[in-house]
Amino acid sequence: MIKEDAVAEHGLTMKEAHDILHDAQNSLKHADRTPDTEVTMSDAENDQIIFVATLECGNLGGPLSVVMQAFQIWFFAMYPDVLVRGQDPKLVEIGQSMLGHLDREPRDRQLCSGLKFLRWCEQYAEANPLPKFGFPSLPPESLPDLKKYV
């Protein structure tokens with residue numbers, strides 16, 4: 001889907017989209033032949049790779065861990081304009097209502113907010129075990145106002 005969206009939205013060929021998505025992977029795969037090659041990734045690229053990994057895990061049918069779900073909510077607060085096809089737009093609203101507009105904050109505050117949110121999610125999941133932990137099913141009154149802690 002990501003490749004198809006890159007082709008449709010940015011006018012890339014399928015091969016160009018593939019090469020961009022697999023650049024770091026290919027560099028590491030062939031590091032024995034080119035040991036001096038540097039792999040650089042922006043914070044946004046790193047966040048997107050982790051996000052895609054959580055989506056792919058979900059697509060495999062297994063339940064997402066609390067950490068993965070917390071990361072997805074944090075990701076939507078960070079990148080409100082990046083909504084993957086098939087994802088519920090309410091996830092952006094949930095992320096921003098819980099964490100604010102992280103896209104407007106400096107990186108250290110973004111990460112600090114994410115860590116505090118993760119710790120809250122872990123505590124909530126431990127105290128309220130659910131068959132499949134899911135943020136949209138949380139009652140609104142149970143959601144923390146994390147903005148006051150950040």
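The chain holds seven helices and zero strands, where helices (H or I, at least four residues) and strands (E, at least two) are DSSP runs numbered from the N terminus. Its pattern along the sequence reads α-α-α-α-α-α-α. This is a predicted model: local features need pLDDT of at least 70, side-chain atom pairs count only at pLDDT 80 or more, and totals for chains, interfaces and linings use all residues. Residues are numbered from 1 along each chain as its sequence is written, and side-chain values use heavy atoms, with hydrogens and water left out.

Of the 150 residues, 31% count as buried (under 20% relative accessible area, 1.4 Å probe, protein chains only). Contacts (heavy atoms within 4.5 Å) can also be sorted by separation. Among those with a separation of 6 or more, 50% join residues 24 or more positions apart.

The axes of helix 5 (residues 66–78) and helix 6 (residues 90–99) come within 7 Å and cross at roughly 85°. The axes are lines fitted to C-alpha atoms over the stretch in contact, with angles from 0 to 180 degrees between N-to-C directions. Helix 5 is therefore roughly perpendicular to helix 6 (65 to 115 degrees). Helix 5 contributes I73, W74, F76 and A77; helix 6 contributes L91, V92, I94, G95, Q96 and L99.

Next, D47 in helix 4 (residues 43–59). D47 counts as buried because its relative accessibility is 3%. Its side chain makes a polar contact with the side chain of R107 at 2.9 Å (a pair of N or O atoms within 3.5 Å, one able to donate a hydrogen and the other to accept it). Beyond four places in sequence, D47 touches F71, W74, F75, M78, Y79 and R107.

Notes: Parallel < 35°, antiparallel > 145°, perpendicular 65-115°, else oblique. Buried < 20%, exposed > 50% of the residue type's maximum accessible area, 1.4 Å probe, protein only.
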